[in-house]
Amino acid sequence: MRSGIRAATRVTVDGPRVRWTHEWPVVLRPTGSGPGGERVHLVHAAGGPLGGDDLALSVDVGPGARLAVHSAGATLVQPGAATDAPARWTVDLRVGAGGRLHWAPEPTVVSDRAALESAVRVTLAPGAAATVRETVVLDGADAALRGPAGTAGARAVGTLVRAGALPLPAEAAGESDGVRWAWTVLDGRGAVLLAVGAPAAVTAVLDAAEHDVPELDEVGVVSRAEPRRRARTGA
């Protein structure tokens, strides 16, 4: 039996240099670099998060630097064995002037009877840009959540945010087998895509939108290679 865990992990990119500190169970692994910038993967070393866990990640991309953040696999949110408290996952993304960030972890799967409170904050300096991709898959049959006031029976909800110095999308909305989607222009410079439907169909919509960002193509389209054993273990 595991009690709730509190952990904070941080990664900083300054040009080609990547520095990080991490706390179990949220572990970072640098997984390469290329013309588009540096790349790291998140690894949930102990599974979860479980109910009662309070996990946080801070990402700082320096002026002119580029970083892509992925995960080594899907995140499975499960109920805690000794508490009814939700799991908490807080992400703080900051990008310096002229910097580029691509945030695209694998889907988050929420088990039946589990609860997750998740927040992603993005702060951009002038001339910076970010794409932020999130997918949630419901692994249960909660009547309220999947009813007309929730996802109306859809198992997956996906979002893709284009923020900062990026072109706005050409199409506003669409529908195809197993998925409905729509873009909404945000206050300031940016837009958010919301897709609801079957997991594979939602993934296809987000993939197409992600690859239609010319200024971030080289950062965003990367291999899901296995992480290399280069990270140092935090306390």
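A nonpolar core, as I use the term, is a set of buried Ala, Val, Leu, Ile, Met, Phe, Trp, Tyr and Cys residues joined through side-chain atoms within 4.5 Å. Buried means under 20% relative accessible area, exposed over 50%, and partly exposed in between, with a 1.4 Å probe and protein chains only.

Now the source. This is a predicted model: local features need pLDDT of at least 70, side-chain atom pairs count only at pLDDT 80 or more, and totals for chains, interfaces and linings use all residues. Residues are numbered from 1 along each chain as its sequence is written, and side-chain values use heavy atoms, with hydrogens and water left out.

On confidence, pLDDT is the predictor's own figure for each residue, from 0 to 100. The chain has a mean pLDDT of 82, and 83% of its residues reach 70 or more. Residues 215-235 are below 50, although this stretch has 58 contacts in the model beyond near neighbours in sequence; contact means heavy atoms within 4.5 Å. Where pLDDT is low, the predicted coordinates should not be read in detail.

Overall, the protein chain has two helices and 16 strands. These are DSSP runs numbered from the N terminus, helices being H or I with at least four residues and strands E with at least two. Of the 235 residues, 45% are buried. Among contacts with a separation of 6 or more, 71% are between residues 24 or more positions apart.

Back to the core. The largest one has 26 residues, and those with the most contacts inside it are Leu42, Val59, Leu67, Trp89, Leu101 and Trp103. Apart from it lies another core, of 15 residues, including Val179 and Leu193.

Which residues does Trp103 contact, leaving aside neighbours within four places in sequence? They are Leu42, Leu57, Val69, Trp89, Val91, Leu93, Thr131, Val132, Arg133 and Glu134.

Trp103 belongs to strand E9, residues 100-103, which is covered on both faces. Arg100 and His102 are buried on one side, Leu101 and Trp103 on the other. In a regular strand the side chains alternate between the two faces of the sheet. E9 runs parallel to strand E6, residues 66-71, with four bridges between them, and Ala68 stands opposite His102. Strand E12, residues 129-139, also pairs with E9 in the parallel sense over four bridges; there Trp103 faces Val132. Pairing here requires that DSSP finds at least two bridges between two strands.

Next, an open sheet. Its five strands come in the order E2-E1-E5-E8-E11, with mixed pairing. Strands E2 (17-21) and E11 (116-124) are at the edges with a single partner strand each, so one side of each has no neighbour in the sheet. Inside the sheet, E1 (residues 6-14) and E5 (residues 54-61) run parallel and are joined by eight bridges, with Arg6 opposite Asp54.

Two residues from this sheet. Thr12 lies in E1 and counts as buried because its relative accessibility is 18%. Beyond four places in sequence, Thr12 contacts Arg17, Val18, Arg19 and Asp60.

Glu117 is in E11. Is Glu117 buried or partly exposed? At 43% relative accessibility, Glu117 counts as partly exposed. Not counting residues up to four places away, Glu117 touches Pro86, Ala87, Arg88 and Trp89. The C-alpha atoms of Glu117 and Ala87 are 6.2 Å apart, while the residues are 30 apart in sequence. Trp89 is also on the list of residues with the most contacts inside the largest core.
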